[in-house]
Amino acid sequence: MTALQKRYGIVVGVDGSPASSAAVVWAARDAALKNVSLHLVHMFNTFVPTFPQVPMPSGVARWQSDAGQQALEQAAKLAREALPAGQELEITTELRPEPPAPTLIEISEDAQMIVVGSNGNDVMSRILLGSVSSAVVRGAKCPVGVIHAETSSRPSDRAPVLVGIDGSPASELATAVAFEEAARRDVQLVALHAWSDFEFFEIPGYEWSAVRAEAERSLSECLAGWHDSYPDVPVRQLVVADRPARQLIKQSESAQLVVVGSHGRGCLTGAMLGSVSNAVVHSIRTPVIVARPA
């Protein structure tokens, strides 16, 4: 999964919402860090949503096209303004009269990363993670960045990158993404392993101290090769006896980026990280990358 094998660098789904604008700004900065292109795409339905066989009236279709073009122009302007002075970035735009979620999933097969706003312009998607964002997180063929409108109020660019690790293949991919992101930003990486999906302290006679050393040893083994590949990235290991989602949400308050695997239960016995990725992208306001495999 290298840049040379992909048609696109970072792709952003644009709809003009506050979360979409935040996604554009974040993606532009990330693309500049990685020296890859930024592709902005706006999609709209050409059929009536409740009657999928009935085409939209021509006047509505023209309005959607014009509004989409305006959204793309504004997004490109935001992307350019987000860059440091003198920074060059290849920015392209595309208007596609196709359903958003399946279109982004299709594009993801030829992208290094898809970035979406956490929600769109409709009322329900302002309350929950948007239907498009949820579908892309579940179905994309590359890592997916989920950005909230409140991202601008998050910790500074010197804050660490946080990754959840459980030793599964999905967790290994998340670790790879997290190390690269931390290296590009020149910041610390916090590697979190939360021991279980239930409360050990609720079990009579359970002694957390009896397994902490083994958990720390296993986490160190999972990270060993990455230290060699990224010797300049400082790493803080954090092993806790708690629910993974709760700890990721808590630790995200002091992080600039959270990286999680899409699913998985791995070599760190009793761990379950991937099952909580859905809770993480719904609950936190820090940018999240869900490390999906190609």
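Predicted model: local features only at pLDDT ≥ 70, side-chain atom pairs only at ≥ 80, totals over all residues.

Visitor: Which residues of helix H5 are buried?

Guide: Within helix H5, which spans residues 131-139, the buried ones are Ser-133, Ser-134, Ala-135, Val-136, Val-137 and Gly-139.

Visitor: Why does Asp-30 count as buried?

Guide: The relative accessibility of Asp-30 is 1%, and buried means under 20%, so Asp-30 counts as buried. Asp-30 lies in helix H1 and, leaving out residues up to four places away in sequence, touches Ile-10, Met-113, Glu-181 and Arg-185.

Visitor: What makes up the largest nonpolar core, and which residues have the most contacts inside it?

Guide: That core has 48 residues, and those with the most contacts inside it are Ile-10, Val-12, Leu-38, Leu-40, Val-115 and Val-259. Helix H1 (residues 18-34) gives the most to this core, namely eight residues, while domain 1 (8-147) and domain 2 (161-288) each supply at least three.

Visitor: What is Leu-40 in contact with, leaving aside its neighbours within four places in sequence?

Guide: The contacts of Leu-40 beyond those neighbours include Val-12, Val-14, Val-24, Leu-72, Ala-75, Ala-76 and Ile-91, as well as Thr-92, Thr-93 and Glu-94.

Visitor: Which residues does the second, separate core include?

Guide: This second core, of 30 residues, has Cys-142, Val-144, Val-190 and Val-290 among its members.

Key: Residues numbered from 1 in each chain as written. Heavy atoms only, no water. Buried < 20%, exposed > 50% of the residue type's maximum accessible area, 1.4 Å probe, protein only. Helix = DSSP H or I, 4+ residues; strand = E, 2+ residues; numbered from the N terminus. Core = buried A, V, L, I, M, F, W, Y, C linked by side-chain atoms within 4.5 Å. Domains from an automatic or database assignment. Contact = heavy atoms within 4.5 Å.
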